Structure formats: C-alpha cells, structure tokens
Amino acid sequence: MSAFKQVGKQVSREAGRMGDNPWLRRLARLGYVGSGIIHLLIGWIAVQVALGGGGEADQGGALQALRSTPFGSVLLWVCVVGFFALALFEALVGALDDGEVADRAKAAGKAILYAVMGVTATTFAMGGSKDSGKSSADLTATLMHVPLGRVLVGLLGVGVIGAGAYHVYKGVAKTFLQDVTTTGGGAVGKGVELSGLIGYTAKGVALAVVGGLFILAAWQADPEEATGLDGALKTLADQPLGTVLLLVVALGLVAFGVYSFARARYARMQDV
C-alpha cells in the first residue's frame with residue numbers, strides 16, 4: 001500500500017511541476033487569445049445577421065470564417081495549442097489545488113470546455129468542418145432516446161440557463177476582476193473593466209436563450225428546436241425589436257472578445 005502512496009505522491013509532484021511550468025502558463029494564455037478571436041468573429045457574424053446578412057453565429061461559423069482569412073490556418077493552430085494548454089492547466093488545478101471543492105469542480109468543468117474547443121478547432125485546422133447547431137440537435141435527439149430523455153434535455157436547458165445567469169451576475173457584480181491583475185498586482189484599467197462587464201452580461205443573455213431552446217425542445221419533444229448559439233441569436237432577431245436586441249448582444253460578444261484578449265495578458269494564473 002505504501003508503494004502505491006509513494007507512486008501517487010510522485011505523480012502529484014510531477015503534475016504540480018508541470019502546472020507551474022512557465023511555458024505551460026504562457027501557452028495556456030493563448031487559449032484566452034483563441035477565445036477572444038472566436039467571440040469577436042461570432043459577434044461580427046451576429047451583427048451581419050442583425051443587418052439582414054447571413055452566416056452561422058457560433059463557434060463553427062467563427063472558425064470557418066477564421067480559416068478563410070489570410071494566415072487563418074496559422075491562427076487556427078494557435079487556437080488549438082492554446083485551448084489544449086489551457087485545458088491541461090485547468091485540469092491540473094482541478095486535480096491538485098487545495099482550495100474549495102466548488103472551485104476545483106469549476107476548474108475541471110473549464111478543462112472539459114477548453115478540451116472540446118480544442119478538438120473543434122483541430123477539426124477546422126485540418127480542413128474539416130462542424131455544424132454546431134446540428135451537433136446540439138443531435139445531442140438532444142440522443143438524450144431523448146434514453147429513459148426520461150425529455151427530462152434530461154429539460155435539465156440540460158436549466159443548467160445552461162444557470163450558466164447564463166452566472167455570467168450575467170459575474171458581469172454586473174464585476175467578480176471577473178478577481179481573474180485578472182496587472183504585473184504589479186494592481187487593478188486593471190477601466191477599459192478592461194467595461195469590456196468584461198458588457199461581455200459577460202451579453203454572453204449570459206445568449207446562453208440563457210440557448211438554455212431556453214433546450215427546454216422548448218424537451219417540451220415539444222422536437223430535437224430540432226435545440227439549435228445552439230446560432231439558433232439562439234437568430235431567435236432573438238425574430239422577437240419584437242429583434243434587430244436592436246441582436247445588435248446589442250452581438251456588440252456585447254465583441255466586448256467579451258476584447259476582454260478575453262486582456263485576460264490573455266492579465267489573467268491571474270494560480271499556483272498548482
């Protein structure tokens with residue numbers, strides 16, 4: 001038994017060293033750069049949709065748009081490296097940090113999210129494609145075929161709405177400022193603060209609509225209602241004053257992209 005404990009301690013020490021490696025931390029910051037690029041493009045596509053244009057205002061549409069730009073392939077691989085590095089860093093925090101269980105669980109959830117983003121970015125970097133809206137509908141259809149599937153889809157929707165509410169709270173209460181600090185340990189500038197406030201609030205609204213579509217899909221037993229972020233933003237456009245609503249949320253997503261770039265510079269990378 002002691003041998004297993006010794007091996008476990010050695011693995012933990014090595015993982016801790018990996019988490020504290022300055023190169024891993026630098027590469028992890030690229031994950032925030034990738035997030036910034038994607039949110040800027042989603043916001044821009046959403047603006048075009050609001051003004052009567054076309055496009056898929058979600059991660060897949062953003063990555064497709066990025067690939068079509070000069071140096072797009074290079075930027076896609078930068079996103080891939082950044083997302084996987086950030087996923088690894090968050091996984092190490094979740095596994096090794098001595099903090100609260102809730103904080104460790106949140107880090108583990110972030111690790112999964114960034115790993116999924118890394119896989120999706122890899123697909124586009126290698127010349128493939130992925131329809132995010134279809135993926136959401138497929139997931140919903142799969143869940144509906146299991147026992148209590150409609151309940152599960154409804155609970156998924158409630159969970160996404162909860163995530164949206166958390167984003168709105170984080171923006172309005174400015175708790176996102178706990179995630180960033182200047183190199184001297186001081187507060188970041190007003191521009192970063194404003195972009196975070198607007199960005200988190202707008203992203204929270206978008207997530208809440210996504211969650212609402214999952215609940216609608218469960219209520220109507222129709223997986224096609226769960227159309228992901230693109231469908232959620234286009235649902236906003238169909239409401240009274242929809243053009244104004246979508247423009248506001250789109251510009252908010254752009255602001256979140258700007259905040260993500262600032263976070264790449266000022267993120268508080270905790271010790272592992």
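In this predicted model, the side chains of Lys-190 and Glu-193 meet in a salt bridge, with 3.8 Å from N to O. Both residues belong to helix H8. They sit 3 residues apart, which is about one turn of the helix. Lys-190 has a relative accessibility of 67%, so Lys-190 counts as exposed. Glu-193 has a relative accessible area of 14% and is therefore buried.

This pair belongs to a wider set. Across the whole structure, a search finds 6 salt bridges. One of them joins Lys-234 and Glu-56, whose closest N and O atoms are 3.9 Å apart. Lys-234 is in helix H9, while Glu-56 is in the loop between helix H2 (22-50) and H3, so the pair ties together parts that are 178 residues apart in sequence. Lys-234 is partly exposed, at a relative accessible area of 28%. Glu-56 is partly exposed too, at 39% relative accessibility. Asp-230 also takes part here: Glu-56, Asp-230 and Lys-234 are linked in a network of salt bridges.

A further salt bridge brings together the side chains of Lys-170 and Asp-179, at 2.9 Å from N to O. Lys-170 has a relative accessible area of 6%, so Lys-170 is buried. Asp-179 reaches 18%. The limit for a buried residue is under 20%, so Asp-179 is buried as well.

The aromatic residues were examined next. The whole structure contains 5 aromatic pairs. In one of them, Phe-176 and Tyr-200 are stacked. Their ring centres are 5.6 Å apart, and 20° separates the planes. Planes under 30 degrees apart count as stacked, which is why the angle of 20° gives this pair its label. Phe-176 is located in the loop between helix H7 (149-172) and H8, and Tyr-200 in helix H8. The pair therefore ties together parts that are 24 residues apart in sequence. Phe-176 and Tyr-200 are both buried.

Arg-26 lies over the face of Trp-23. The distance from the ring centre is 4.8 Å.

The surface carries a nonpolar patch of about 450 Å². Its members are Val-146, Leu-148, Val-151, Leu-152 and Leu-155. Among them, Leu-148 is placed in the loop between helix H6 (132-144) and H7. Leu-148 has a relative accessibility of 64%, so it counts as exposed.

The backbone was considered last. Most residues other than glycine have a negative phi. Phe-71 has a positive phi of about 65°, although Phe-71 is not a glycine. This residue is found in the loop between helix H3 (59-67) and helix H4 (72-96). Phe-71 counts as exposed, at 69% relative accessibility. A positive phi is also found at Ala-221, with a value near 55°. Ala-221 lies in the loop between helix H8 (190-220) and helix H9 (228-237). At 39% relative accessibility, Ala-221 counts as partly exposed.

Definitions and conventions. Residues are numbered from 1 along each chain as its sequence is written. This is a predicted model: local features need pLDDT of at least 70, side-chain atom pairs count only at pLDDT 80 or more; totals for chains, interfaces and linings use all residues. Side-chain values use heavy atoms; hydrogens and water are left out. Helices (H or I, at least four residues) and strands (E, at least two) are DSSP runs, numbered from the N terminus. Buried means under 20% relative accessible area, exposed over 50%, partly exposed in between (1.4 Å probe, protein chains only). Rings of Phe, Tyr and Trp (its six-membered ring) pair if their centres lie within 6.5 Å; planes under 30 degrees apart count as stacked, over 60 as edge-to-face and the rest as tilted. A charge sits over a ring if NZ of Lys or CZ of Arg is within 6 Å of the ring centre and within 35 degrees of the ring normal. Patches are made of residues with over 30% relative accessible area and no salt bridge: like charges are joined within 9 Å, nonpolar side chains (Val, Leu, Ile, Met, Phe, Trp, Tyr) within 5 Å. Accessible areas come from the Shrake-Rupley method with a 1.4 Å probe; for residues, only the protein chains shown count as cover. A salt bridge is a side-chain nitrogen of Lys or Arg within 4 Å of a carboxyl oxygen of Asp or Glu.
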